[in-house]
Amino acid sequence: MTVSDLVKGDKAIITNFNVNEIPLKLIEMGCIEGNFVELVQETPLKDPLYLNINGTFLAIRKETASQILVEKL
């Protein structure tokens, strides 16, 4: 399962991600293994996704979200 598979309100733990496909800025903002992620809001076309990653709120494209593997809580 990836972040792009989550629906509004879902919470998960980041288990793995493709380092070559994730921008360094996103990693610096807390997108690392073991951190919690919650899908706060989605647009009608689900792109971009508005996330809460360990207290940091950010919007990322669905293409990037599909590179972040998670385990749903």
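The model is a predicted one, in which local features need pLDDT of at least 70 and side-chain atom pairs count only at pLDDT 80 or more, while totals for chains, interfaces and linings use all residues. Residues are numbered from 1 along each chain as its sequence is written, and side-chain values rest on heavy atoms, with hydrogens and water left out.

On to the sheet. It is open and built from 5 strands in the order S4-S3-S2-S1-S5, with antiparallel pairing; strands here are DSSP runs (E, at least two residues), numbered from the N terminus, and two of them pair if DSSP finds at least two bridges between them. Strand S4 (56–60) and strand S5 (68–72) sit at the edges with a single partner strand each, so one side of each has no neighbour in the sheet. Direction ignored, neighbouring strands are turned by 40° against each other on average, the axes being lines fitted to C-alpha atoms and the angles running from 0 to 180 degrees between N-to-C directions.

S3 (residues 49–53) and S4 run antiparallel and are joined by 5 bridges. Within that pairing, tyrosine 50 faces alanine 59 of S4. In the loop between S3 and S4 lies asparagine 54, a residue other than glycine with a positive phi, near 50°. For context, most residues other than glycine have a negative phi. Asparagine 54 is partly exposed, at a relative accessible area of 43%.

As for aromatic rings, a search of the whole structure turns up 1 aromatic pair. The partners are tyrosine 50 and phenylalanine 57, stacked at 5.9 Å centre to centre with 25° between the planes. Rings of Phe, Tyr and Trp (its six-membered ring) pair if their centres lie within 6.5 Å, and planes under 30 degrees apart count as stacked, over 60 as edge-to-face and the rest as tilted. Tyrosine 50 is partly exposed too, at 34% relative accessibility.

Finally, aspartate 10 is found in the segment before strand S1 (11–17) and is buried, at a relative accessible area of 12%. Its side chain makes a polar contact of 3.4 Å with that of lysine 72; such a contact is a pair of N or O atoms within 3.5 Å, where within protein one must be able to donate a hydrogen and the other to accept it, and residues adjacent in sequence count only if both atoms are side-chain atoms. Neighbours within four places in sequence aside, aspartate 10 is in contact (heavy atoms within 4.5 Å) with Val37, Glu38, Leu39 and Lys72.

Technical notes: Buried means under 20% relative accessible area, exposed over 50%, partly exposed in between (1.4 Å probe, protein chains only). Helices (H or I, at least four residues) and strands (E, at least two) are DSSP runs, numbered from the N terminus.
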